[in-house]
Amino acid sequence: MTRTLEPHLVERFRDVVGGDNVLLEPDAMASYAIDWTGRFKGEPLAVVRPADSAQVSAVVAQCKDSGIAIVPQGGNTGLVGGGVALSGEVVVSLRRLSWIVDVDPKGGQLTVGAGTSIADVRAAASLAGWDYGVDLGSRDSATMGGTIATNAGGLQVLRHGPTRAQLLGVEAVLGTGSTVAHLGGLLKDNTGYDLGGLLCGSEGTLGVVTAARVRLVPPAPERVVALLAFSTAGAAVDAALLLRRGLPDVQALEFFLEAGLALVCEVTGMRPPFAEFHPAYLLVEVAAQHDPMVATSEVLESIDSVSDVAVAVDAQRRAQLWRYREGHTEAINTLGAPHKLDVTLPLPVLADFIDEIPRVVSGADERARTWLFGHAADGNVHVNITGVGSDDMTVDDRVLVFAAGLGGSISAEHGIGVAKRPWLHLNRSVTEIATFRALKKALDPAGILNPHVLLPPL
Ligand code: 2HG
Ligand code: ZN
């Protein structure tokens, strides 16, 4: 039976956020109800769209008083089911908190509302003569709040670190409805617990992030992108190490394999990059203040294992090479909603994992097809599995156990969400999980904030 929101609560939410921003009809809520992959589809009790942190606070306080669970949602680009109302929660969409203030060109910082897209943050940083250190394929839709909630990584972690490394402070509404804010932006500030660091990666379970003060990074406008082909994944991983060590300005080091590239070309109609396909590829971006071409060419020439290479300097050709990599997510989705298992491996076993995992998967389910790509320098593999039922977790189990057995993490940059909560114990001890629960109890005593993600059911 579909639950409906009691009329007095509808009125209360309308008073707080305005009538147009309380959505109750399935059609109006449709784009908030299903995740990007189509795998996770919920039936929200309502979608409430506050415009500022005071409204967020009033909505959360009301939900706490009425015992209603909330799922905070940003751009809805999450890949682990952490931002959709799978258990009939109220979705609190933060997208209207889209603003940037207090840009400090001298200090290289700005303050940004949770609903601002990463593309807009990067554009504002650029206007101030800086750049923002996090970039990801979903930059036009992914929001600052969502990337903080998941501690998103993306394409430049190698150079600038994940989202947590950019944070100088956050403003957030806790499960009590009260707001904590620390947006002064001091680089040195040892005055107690780092609440921003704690909220970052907490997937909306401890607080609803409404704003953040972030550091900016120096711009690096001169860029070279090279696509390198190899005869084995191991050779690609070894080359990634040489590139990283030889080129301090390397910004991204991405990998993908033959099958994924063939699929991207088939789906997009792009011509393959080389006359022949090769088993493994590395996409390298070097970004500097002065032309990095000479240094890049020298290091590329020193790597004997490269079978083929395409180098791009102008923006259009660079974007074309990037499309072979960034096109993977969309191309795989054309085959049906995939299981997405975003794992990190210690670099010494990365190539073994890439070689072995297709066998582990097909051993668990012969219908399953494995697609591998990711961020080579971070040891981060996006294991995408197609051809298995949405609720069939056999393959998920095998992949996550295998990754953890090699000393890896079951979530590199997408979070735990609902998709991986049964496996949290593979990476976190009983004591750690108990500490997580104690923190949740302190910050969200009524247990209303995203109660069905991250922590395993009791
Ligand atoms: C990427 O690196 C994203 O492209 C998405 O993290 C990964 O689709 C995926 O599995
Ligand atoms: Zn990624």
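Predicted model: local features only at pLDDT ≥ 70, side-chain atom pairs only at ≥ 80, totals over all residues.

In which strand is the place of Thr-370?

Modeller: Thr-370 has its place in strand S15, which covers residues 369–375. Its relative accessibility is 17%, so Thr-370 counts as buried, the limit being under 20%. If we set aside the neighbours within four places in sequence, the contacts of Thr-370 are Ile-357, Pro-358, Val-361, Val-383, Asn-384 and Ile-385.

The zinc ion (ligand 2) has three protein donors: His-375 through NE2, His-382 through NE2 and Glu-413 through OE. They lie 1.9 to 2.2 Å from the zinc ion. Along the chain, these donors follow the spacing H-x6-H-x30-E. His-382 belongs to strand S16 (residues 380–386), while Glu-413 sits in the loop between helix H14 (394–405) and helix H15 (430–443), so this pair ties together parts that are 31 residues apart in sequence. His-382 is buried, at a relative accessible area of 6%, and Glu-413 is buried too, at 10%.

The side chains of Asp-392 and Arg-367 meet in one, at 3.7 Å from N to O. This pair links distant parts of the chain, 25 residues apart: Asp-392 is in the loop between S16 and H14, and Arg-367 is in the loop between helix H13 (350–364) and S15. Asp-392 is partly exposed, with a relative accessible area of 26%, whereas Arg-367 counts as exposed at 52%.

Now for the salt bridges elsewhere. Side chains of opposite charge can pair when their charged atoms come close. By the rule used here, the count comes to 14 salt bridges. One of them joins the side chains of Arg-122 and Asp-131, at 3.2 Å from N to O. Arg-122 counts as buried at 18% relative accessibility, and so does Asp-131 at 10%. Both residues take part in a network of salt bridges that links Arg-122, Asp-131, Asp-135, Arg-139 and Glu-326.

Another salt bridge is formed by Asp-249 with Arg-159, where the closest N and O atoms are 3.1 Å apart. Asp-249 lies in the loop between helix H8 (233–246) and strand S11 (250–257), and Arg-159 lies in helix H6 (residues 157–160), so the pair ties together parts that are 90 residues apart in sequence. Asp-249 is partly exposed, with a relative accessible area of 30%, and Arg-159 counts as partly exposed at 29%.

Finally, the wider layout. The protein is divided into domain 1 (7–93), domain 2 (100–215), domain 3 (222–332) and domain 4 (339–427). For domain 1 and domain 2, the C-alpha centres lie 22 Å apart. Ten residues of domain 1 are in contact with 14 residues of domain 2. Together the two domains bury about 970 Å² between them, with 69% of it on carbon and sulfur atoms. Helix H3 (residues 53–66) gives the most to the side of domain 1 that touches domain 2, with six residues. The count of salt bridges between domain 1 and domain 2 is zero, but two residue pairs are in polar contact across their interface.

Technical notes
Residues numbered from 1 in each chain as written. Chains lettered and ligands numbered in written order. Heavy atoms only, no water. Donors = N, O, S within 2.8 Å, 3.2 Å for Na, K, Ca; no water. Helix = DSSP H or I, 4+ residues; strand = E, 2+ residues; numbered from the N terminus. Buried < 20%, exposed > 50% of the residue type's maximum accessible area, 1.4 Å probe, protein only. Contact = heavy atoms within 4.5 Å. Domains from an automatic or database assignment. Buried area = accessible area lost by both parts, 1.4 Å probe. Salt bridge = Lys/Arg side-chain N within 4 Å of Asp/Glu carboxyl O. Polar contact = N/O pair within 3.5 Å; in protein donor to acceptor, adjacent residues only side chain to side chain.
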